[in-house]
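Here are a few notes to read with the model open beside you. Take them one at a time and find each spot as you go.

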Amino acid sequence: MKCIIVVNAYIRNKSQLAQAQRIAEELTLLGADCKIIKNINLAEIQLGKILAVKADLCVFLDKDKATARLLEKSGVKLYNCAEAMEICDDKMLTHIALANNGIPMPDSVYAPLCYYGDAQIDKDFFIGVEKLGYPLVAKKCFGSLGAGVFLIKNRYELENFENANKLVAHFYQKFIGIGGEDIRVIIIDGKYVCAMKRTNKCDFRSNIDLGGQGEKIEADGKLIELCERTAEILNLDYCGIDILTDGNGNMYVCEVNSNAFFAEAERVCGVNIAKKYAELIIASKNA
Ligand SMILES: Nc1ncnc2c1ncn2[C@@H]1O[C@H](COP(=O)(O)OP(=O)(O)O)[C@@H](O)[C@H]1O
Ligand SMILES: [Mg+2]
C-alpha cells in the first residue's frame, strides 16, 4: 500500500515534521510503503483532467485546500478528508457546522466581510458584540497555536481591534471560565483516545506553544460523548478538540483541530497516538 504524508511546501515548524515522522514510522511498522513529501507539484490540471502523484492514501498535514481537493478528486484517499479539513481550518465554519446539533459552544458574533480599509464600522455592530460582555475574545478565523486569539477588555480595545482587522475574517466570542485553562481531547475513528488539561499561568491562552502545561485527566462520560459527537458531525478520522469549562460544570467546544499536534498528549497521557491513527488508516483503507 503506497502512502504519502504531505507537509507544507515551506515547512519551518519542527512539530509538523516530527508529527509526519511519527505517523510514517507507525504506518511503516504496519507494512505501508510510506514517504513524507512536501506539497510541491503534487497535482495539476492538464487538458481538463487532474494528474496527481500515485498513492493509495495520503495523510494530509498541510492546510492547502486546493491540493487536498485535487488529490481527492484524482482518487487518493485523504486523512482527514478535504472537506473536514477545510471546515476545521476556519474556526467560524467549524462553529456553523456544529451549530443546531446540540453541541454547546461559546456565544459567537461574526464580523461582516469588509473590502475597504477606510470603511467606517457601524456603531450597532459594536453594540451587538458587547452583548457578549467584557472581557470577550476576538478570533481570526484562520490561525493556530493561539496566534490569532486576543482578549478584548473594553470598547476602546474592541474598536481598535475591529479597525485593525476588518479586512481579515474574524469573530468575537464570549469569554468562558477563568482563562489559561482548557481540555484537549484526542478522538480517532470516532472514539475517545485520551485527554489532557492544559494550564497557562501567564496567558489566557492555554496552548502548549505559549507556555501551557499539559496534565493527563480521565475524561468523564459527558466529555467523551460531547467530543465523539463533535468528531462525528465533522466527519473527522483524527482530531484534537479544545474544550472550555466554566465554574458551573458546563463544557463548551472551543475549536476542533483536524491536524492537532499530538507529541505533548502522547508524552503526558502515555498513549501511542500515532500508532492508533496509523491503525485506523490501514484498517479503513482495507475495509
Ligand atoms: N471563548 C474563550 N474563552 C476563554 N478562553 C478562550 C476562549 N477561546 C479561546 N480561549 C483560549 O485561547 C486558546 C486558543 O484558542 P483556540 O480557539 O483554541 O485557537 P488556536 O487555534 O489558536 O488554538 C484556547 O486553548 C483557550 O485557552
Ligand atoms: Mg486551540
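1. Start with L145: one of its polar backbone atoms is 3.4 Å from an oxygen atom of ligand 1, a polar contact here being a pair of N or O atoms within 3.5 Å. The protein covers 99% of the 550 Å² of accessible area that ligand 1 has on its own (Shrake-Rupley method, 1.4 Å probe).

2. Before going on, note that this is a predicted model, where local features need pLDDT of at least 70, side-chain atom pairs count only at pLDDT 80 or more, and totals for chains, interfaces and linings use all residues. Residues are numbered from 1 along each chain as its sequence is written, chains are lettered from A and ligands numbered from 1 in the order written, and side-chain values use heavy atoms, leaving out hydrogens and water.

3. D182 has a polar side-chain atom 2.7 Å from an oxygen atom of the ligand, while Q173 places one 3.1 Å from a nitrogen atom.

4. Why does ligand 1 lie between two domains? Domain 2 (87–104 + 178–270) and domain 3 (108–174) both give residues to its shell, so that is where it ends up. The bounds come from an automatic or database domain assignment.

5. Now check the backbone. The Y79 to N80 peptide bond is cis, with omega near -10°, and so is the one from Y134 to P135, also with omega near -10°. N41, which isn't glycine, has a positive phi near 50°. For context, most residues other than glycine have a negative phi, and most peptide bonds are trans.

Definitions and conventions
Polar contact = N/O pair within 3.5 Å; in protein donor to acceptor, adjacent residues only side chain to side chain.
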